[in-house]
Amino acid sequence: MPSGKRDQPSVEDNHDGTVSLKYDPKEEGLHELFVKYNGENVQGSPFKFHVDSITSGHITAYGPGLTHGVSGEPSDFTIYTKGAGAGGLSLAVEGPSKADISCHDNKDGTVSVTYLPTAPGEYRISVKFGDKHIKGSPYNSKVTGEGRKRNQISVGSCSEVSLPGKVLDKDFRLLNASIQAPSGLEEPCFLKRLPNGNLGISFTPREIGQHVVSVKRMGQHIVNSPFKITVGEREVGDAKKVKVTGNGLKEGKTHIENLFTVDTRSAGYGGLSLSIEGPSKAEIQCKDNEDGTLNISYRPTEPGYYIVNLKFADHHVDGSPFTVKVTGEGSNCQREKIERRREAVPLTEVGSNCKLTFKMPGVLPYDLSSTVTSPGGITEDAEINEIEDGLYAVHFVPKELGVHTVSVRYKEVHIPGSPFQFTVGPLSDGGAHRVHAGGSGLERGEQGQPCEFNVWTREAGPGSLAISVEGPSKAEIDFKDRKDGSCYVSYVVGEPGEYRIGIKFNDQHIPDSPYKLFISPAMGDAHKLEVAQFPTSGVQADYPAQFIVRKNGAVGQLDAKVVSPSGTEDDCFIQSIDQDEYSVRFMPRDNGVHNIHVKFNGVHIPGSPYRLKVGKGDADPAAVHATGSGLGDVKTGHKTDFIVDTCNAGAGTLAVTIDGPSKVSMDCTEVEEGYKVRYTPLVPGEYYISLKYNGYHIVGSPFKVTCTGEDLAERGPQETSSVVVETVHKVSKGHKGGSGVVLPHFKSNATLVTSKGMGLKKAYVGKQNLFSISATDAGNNMLFVGIYGPKGPCEEIFIKHMKQNNFQVSYIVRERGEYILLVKWGDDHIPGSPFKIET
């Protein structure tokens with residue numbers, strides 16, 4: 001209540017799955033109504049409403065649309081005018097999207113208002129009478145994207161320009177190009193080899209006039225670069241000239257193709273991007289007629305309001321975003337959701353015992369291994385122990401502050417969620433992008449059996465974690481908080497089919513959410529089957545491998561397929577070798593982790609899909625790091641970049657995805673230490689950069705980047721840009737042999753090293769010459785000693801460590817003359833070095 005007092009409304013069960021709340025207000029002003037179920041606030045709670053006295057002479061407003069709503073669904077509220085009429089009323093709704101407002105005078109002293117928000121976020125609703133805000137106005141309404149699904153496609157239409165000169169194939173992958181418009185806007189552009197063998201660029205023209213194209217090899221301009229090209233008026237993409245026709249943008253039906261046509265013939269060059277958001281993820285089909293027109297159709301499975309965003313050259317076409325009302329039968333999709341509050345875990349300090357827990361039923365402890373890499377680059381083995389059945393903990397004691405990388409492997413393959421980020425000391429940034437989830441329950445499941453997964457929220461800080469399961473049947477969800485920044489979720493569904501698991505933190509999807517998986521029918525006889533002689537190592541790409549499947553009396557059809565790291569599927573060859581035994585042969589085509597799916601009567605057998613490392617398998621996401629200004633604060637219209645360091649991480653697949661309020665021009669080129677990613681954002685806001693190596697997020701991914709500046713394109717819903725690169729094996733400079741050794745990060749001070757002894761001043765030919773070095777107070781590092789004389793290096797130097805960083809050095813010289821003695825503690829000379837020695 002406005003006075004701070006609490007009151008209790010009456011709750012009545014309507015015996016139809018709903019309840020009625022009744023309350024007789026006793027005070028004027030803003031009230032908050034808390035509605036909880038099992039101790040947790042329901043969606044929208046606490047609800048805010050304003051109470052006015054009947055005789056106060058003021059106009060009031062009430063209704064759910066003033067406090068909360070769902071994106072793409074009408075939000076309603078009522079204005080009580082007390083006979084003043086609707087004539088002097090003015091309404092405005094401001095927020096992340098335009099919202100169509102409709103009013104209806106009920107002729108009984110009330111006005112019904114409906115508005116349709118098309119994007120989630122905070123909306124500000126102003127209600128004025130006679131140019132003055134009514135009591136409580138402006139109202140803040142929180143609109144969620146709950147239950148909304150989105151699909152998007154992009155179709156490129158770029159201008160191609162030939163540049164003079166030919167480039168050899170071996171040099172082509174080392175080149176990158178950028179184009180600068182007359183206004184100064186610089187974007188990466190794509191290089192391509194034209195049919196005549198010349199070098200060409202492909203780009204989206206945004207301005208008329210002379211553009212400058214820079215083509216560089218390893219940071220240096222190639223011959224004749226920069227090039228100058230001229231863009232004419234007809235080439236610049238103009239969204240206003242795009243024509244859209246068809247009934248599919250006015251109304252739609254479920255379970256059929258809803259059609260419309262896009263004509264870009266007179267609109268110049270530009271990329272076309274389409275997204276559809278609504279109660280279901282509508283399948284989109286796009287047919288390019290090769291004449292500047294496209295036929296587009298979408299197939300929703302649930303009725304309701306859908307928002308269609310259509311952009312050309314990064315600007316909305318006329319009428320976009322379109323609101324389409326879809327009618328028809330739904331798919332009887334059932335949705336169950338739980339929400340839990342996550343508290344911040346206590347800070348960990350240097351020297352404290354750190355623990356990271358995960359549940360992984362059905363594995364043997366000796367098949368698990370773990371390492372921890374410190375911010376300084378030192379990697380050490382960590383201890384893993386089983387706390388209870390299937391629940392494991394990684395233990396380590398950090399020696400420095402900062403972000404540590406914890407790798408957990410099962411049979412040499414990272415478990416889902418690994419490598420983990422573990423911050424010692426204060427957290428650098430929190431939020432949904434720092435939450436990770438992993439486990440078999442996000443990949444597959446069986447009807448009637450518990451499907452389980454882990455969620456790690458430690459790095460995200462405090463917040464609200466919501467988990468939803470949606471599919472053909474209602475799910476029973478069980479949640480166990482381990483009180484260490486991780487939790488365990490188990491759910492059971494009664495029907496087989498396709499399900500979606502949504503995981504949100506503070507109303508934002510975590511990385512890779514929602515997860516799409518297939519729940520198979522009850523296992524039946526499939527549980528009788530077992531696998532033997534499964535290869536655990538030594539499998540090479542393009543060489544056949546095999547294993548045995550025993551049916552053990554089960555009757556039915558056996559089938560198997562292999563899925564490569566890139567997602568390509570290939571059937572396995574199954575041959576009967578005995579009455580109940582079958583040989584399963586397959587030919588992996590790539591290096592990396594493959595999944596072998598073995599099914600019996602369409603149901604996975606126990607342990608399927610089996611994970612198998614093919615090739616040397618040295619691609620390690622835990623060894624990949626990203627740095628650069630492009631991962632910090634950036635500005636619209638300014639080309640920025642970051643380096644993905646793949647040294648010592650092996651060869652693999654690098655996938656870069658940038659999600660944000662606009663698409664970005666992006667490219668990825670090879671540099672000495674790995675790969676350079678360049679991009680230009682066009683709209684201010686928050687961008688999330690995901691970096692995956694062989695399908696696993698690297699530590700720190702996704703990176704949150706804040707962009708400021710002016711709008712250079714029209715803001716739309718979340719848009720995605722991506723690039724995938726097959727990397728080559730790289731090693732750090734100075735490790736040409738390919739050993740891939742990473743030096744520890746030493747903390748030392750060479751100025752605190754002391755030295756003494758005759759051997760620092762005078763040497764006797766053919767005799768042992770001695771001196772001592774004390775680095776007790778100089779931190780930890782390595783001692784380097786070198787002596788150079790009239791005819792080159794001296795013949796013999798002997799260094800003995802006497803404990804606690806005290807060293808004794810002896811050397812022998814064979815020639816008379818002047819010698820130079822160098823003594824370094826790490827990379828730095830100690831006081832007095834280099835020493836001049838006479839013989």
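The following conversation goes through some features of a predicted model and the reasons for the terms applied to them.

Trainee: What makes the contact between glutamate 336 and lysine 474 a salt bridge?

Mentor: The side chains of glutamate 336 and lysine 474 meet at 3.5 Å, N to O, and because a salt bridge requires a Lys or Arg side-chain nitrogen within 4 Å of a carboxyl oxygen of Asp or Glu, the pair qualifies as one.

Trainee: Why is this pair said to tie together parts of the chain?

Mentor: Glutamate 336 belongs to strand 33 (residues 334-342), whereas lysine 474 sits in the loop between strand 45 (463-471) and strand 46 (475-481), so the parts they tie together are 138 residues apart in sequence.

Trainee: Why is glutamate 336 called partly exposed, and why is lysine 474 called exposed?

Mentor: Glutamate 336 has a relative accessibility of 22%, and because partly exposed covers what lies between under 20% for buried and over 50% for exposed, that is the term for glutamate 336. Lysine 474, with a relative accessible area of 52%, counts as exposed, because exposed means over 50%.

Trainee: How do you know that glutamate 815 and lysine 791 form a salt bridge?

Mentor: Their closest N and O atoms are 4.0 Å apart, and the cut-off is within 4 Å, so the pair is counted as a salt bridge. Glutamate 815 lies in the loop between strand 75 (806-812) and strand 76 (818-825), and lysine 791 in the loop between strand 72 (783-789) and strand 73 (792-793), so this bridge ties together parts that are 24 residues apart in sequence.

Trainee: Which terms describe how accessible glutamate 815 and lysine 791 are?

Mentor: Glutamate 815 is partly exposed, because its relative accessible area is 35%, while lysine 791 is exposed, because its relative accessibility is 69%.

Trainee: What links glutamate 719 and lysine 311, and are both buried or exposed?

Mentor: Their side chains meet in a salt bridge of 2.7 Å, N to O, one that links distant parts of the chain, since glutamate 719 is in strand 69 and lysine 311 in strand 30 (residues 304-312), 408 residues apart. Both glutamate 719 and lysine 311 are buried. The structure holds 29 salt bridges, and Glu187, Arg206 and Asp314 are linked in a network of them.

Trainee: Which residues touch the most other members of the largest nonpolar core?

Mentor: This core has 33 residues, and those touching the most other members are Phe642, Val656, Met666, Tyr679, Ile689 and Leu691. Several strands supply at least two residues each, among them strand 62 (640-645) and strand 66 (685-693), and strand 66 gives the largest share, four residues. A second, separate core has 27 residues, including Leu465, Val469, Ile501 and Ile503. In soluble globular proteins, nonpolar side chains tend to be buried together.

Trainee: Why is valine 11 called exposed?

Mentor: Valine 11, which has its place in strand 1 (residues 10-13), has a relative accessible area of 57%, and because exposed means over 50%, the term applies to valine 11. Together with Val19 and Leu21, Val11 forms a nonpolar patch on the surface, with about 270 Å² of accessible area.

Trainee: What makes strand 70 and strand 74 edge strands?

Mentor: Four strands form an open antiparallel sheet in the order 70-71-75-74, and strand 70 (754-756) and strand 74 (796-801) each pair on one side only. The twist averages 20° from one strand to the next.

Trainee: How many bridges join strand 70 to strand 71?

Mentor: Three bridges join strand 70 to strand 71 (residues 769-774), and because two strands pair if there are at least two bridges between them, these strands count as paired. Serine 755 stands opposite isoleucine 773 in strand 71.

Note on methods
Residues numbered from 1 in each chain as written. Predicted model: local features only at pLDDT ≥ 70, side-chain atom pairs only at ≥ 80, totals over all residues. Heavy atoms only, no water. Core = buried A, V, L, I, M, F, W, Y, C linked by side-chain atoms within 4.5 Å. Buried < 20%, exposed > 50% of the residue type's maximum accessible area, 1.4 Å probe, protein only. Axes fitted to C-alpha atoms, helices over the stretch in contact; angles between N-to-C directions. Patch = residues over 30% accessible without salt bridge, like charges linked within 9 Å, V, L, I, M, F, W, Y side chains within 5 Å. Areas by Shrake-Rupley, 256 points an atom, 1.4 Å probe, with all protein chains shown as cover.
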